[in-house]
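Open the model in your viewer and keep the selection tool at hand. The stops below are meant to be taken in order.

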Amino acid sequence: MASNPVWVAAALMVVAGFSSFAAGEKAVPCYFIFGDSLADNGNNNWLQTVAKVDYSPYGVDFRRGATGRFTNGRNIVDFFAEYLGFENYIPPFATATIIDTLSGLNYGSGSAGILDETGAQLGQRIPLDVQLDNHLISVSRLALLLGAGGAYTRLGQCLYTLGLGNNDFLNNYFRPEFYPSSRIYTVEQFAVVLANRYKEQLQRLYVAGARKIGVFALGQIGCVPFAIRRYGTNGSASGCAEALNDAAVLFNVQLKSAIDQLQATLPGAQFVYIGSGSDMLMTSGLKALEVLDSPCCTVEAESGQCVPDQPSCPDRSRYVFWDWFHPTEALNSLTAAAAFEAVRPIVAHSSSVGERSMIRLAAAVQAS
């Protein structure tokens with residue numbers, strides 16, 4: 001399939017529009033990330049789990065090599081950090097220092113879900129409830145550095161993004177050999193249960209001080225190579241496992257409704273449903289890439305992840321998928337550019353006044 005020059009040009013224009021953030025002050029003083037393997041940048045390295053990628057060829061195109069990112073280079077939230085004007089990528093909670101907390105932390109965990117039990121067959125993981133517990137630890141650290149009032153003010157200026165739910169379908173509902181979910185609920189009922197749980201968790205984040213919150217909708221999970229291989233396409237025109245795509249649509253409808261309710265009832269909250277940009281990408285942006293359904297690395301059949309220390313495809317910019325589950329940096333770049341357009345309105349007028357003075361104050365407190 002040939003590249004789509006119109007889409008490529010549009011994507012470049014979107015990225016160019018972020019230069020006003022990157023060139024000057026940060027758009028927000030801090031960025032906190034909650035998610036699954038699409039966001040994880042090293043938290044799972046310390047866990048007993050199959051969902052761990054601290055080895056090559058992961059990171060082959062990342063400046064620090066294999067860090068635990070489930071791709072060949074940068075993930076979506078890495079691009080978000082660049083667009084927001086951060087000099088460094090947001091560090092994982094597992095290895096962060098107290099000073100790191102000032103600029104935000106990444107709590108993402110491969111195989112994690114909205115539900116605590118999701119992904120259990122793969123080993124240890126950090127589900128969203130535990131990620132929120134970890135964030136409360138971060139809040140307490142900020143209070144030590146800035147005082148309770150200063151921490152609360154700062155948290156209200158930060159950007160928060162959440163991207164979960166993929167594993168609740170791929171590694172829960174559609175894995176009946178491990179989980180009873182599909183015997184207890186219809187897929188419509190499960191989507192409601194999942195969205196209601198997510199809504200409660202988002203309220204918890206708000207109570208902890210978050211105000212600028214972007215929530216990623218689910219993409220076309222039936223189009224990942226694992227889903228196609230396991231469930232087949234049943235002759236669908238898309239070449240994907242449409243039952244999983246339909247489940248994602250059902251969940252997204254419920255999620256959008258939950259976010260609208262939260263926006264209407266929580267004073268001062270600015271919620272953004274990050275859906276339209278990424279949905280557009282899945283139908284148009286993929287045309288800019290050529291290899292749509294094959295992984296770029298040699299994959300282990302059991303885990304769906306890359307075989308350690310084996311070479312990957314030479315031209316990674318042509319591939320949509322890195323392994324059986326995760327996108328390449330090339331796709332992450334396009335997805336992030338499209339998705340960030342939804343987030344821009346809530347960060348465009350954020351102020352980082354006093355940023356340097358607070359960092360100096362925090363450093364002095366830690367040194368004393």
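**Whole chain.** This is a predicted model, in which local features need pLDDT of at least 70 and side-chain atom pairs count only at pLDDT 80 or more, while totals for chains, interfaces and linings use all residues. Residues are numbered from 1 along each chain as its sequence is written, and side-chain values use heavy atoms, with hydrogens and water left out.

Colour by pLDDT, the predictor's confidence in each residue, from 0 to 100. The mean for the protein chain is 88, and 85% of its residues reach 70 or more. Now select residues 1-23, where pLDDT stays under 50. Residues 351-368 are also below 50.

Of the 368 residues, 54% count as buried. Buried means under 20% relative accessible area, exposed over 50%, and partly exposed in between, with a 1.4 Å probe and protein chains only.

**Cores.** Select Phe32, Leu162, Phe169, Tyr198 and Phe251, the residues with the most contacts inside the largest nonpolar core, which has 74 residues. A nonpolar core is a set of buried Ala, Val, Leu, Ile, Met, Phe, Trp, Tyr and Cys residues joined through side-chain atoms within 4.5 Å. In soluble globular proteins, nonpolar side chains tend to be buried together.

Stay on Phe32: leaving out residues up to four places away in sequence, its contacts (heavy atoms within 4.5 Å) include Thr101, His135, Leu155 and Thr161. A separate core of 27 residues has Ile76, Phe80, Ala337 and Val343 among its members.

Select helix 5, residues 166-173. Why is helix 5 largely enclosed by the rest of the structure? Eight of its eight residues are buried, so the rest of the structure largely encloses it. Among them are Asn166, Asp168, Phe169 and Tyr173. Show what these buried residues pack against: helix 6 (181-184), helix 7, helix 8 (225-231) and helix 9.

Next, select helix 7 (residues 187-207) with helix 9 (residues 242-265); their axes come within 9 Å and cross at roughly 35°. Axes are lines fitted to C-alpha atoms, for helices over the stretch in contact, with angles from 0 to 180 degrees between N-to-C directions. Residues making this contact include Ala191, Ala195 and Tyr198 of helix 7, and Leu250, Phe251 and Gln254 of helix 9.

Move to leucine 145 in helix 4 (residues 128-157). Leucine 145 is buried, with a relative accessible area of 5%.

**Loops.** Most residues other than glycine have a negative phi, and most peptide bonds are trans.

- Proline 57 lies between strand 1 (31-35) and helix 3 (76-83); the peptide bond to it from serine 56 is cis, with omega near 15°.
- Serine 111 sits between helix 3 and helix 4 and has a positive phi, near 75°.
- Asparagine 234 lies between helix 8 and helix 9 and has a positive phi of about 50°.

Is serine 111 buried or exposed? Serine 111 counts as buried, at 4% relative accessibility, whereas asparagine 234 is exposed, at 78%.

How values were computed:
Helices (H or I, at least four residues) and strands (E, at least two) are DSSP runs, numbered from the N terminus.
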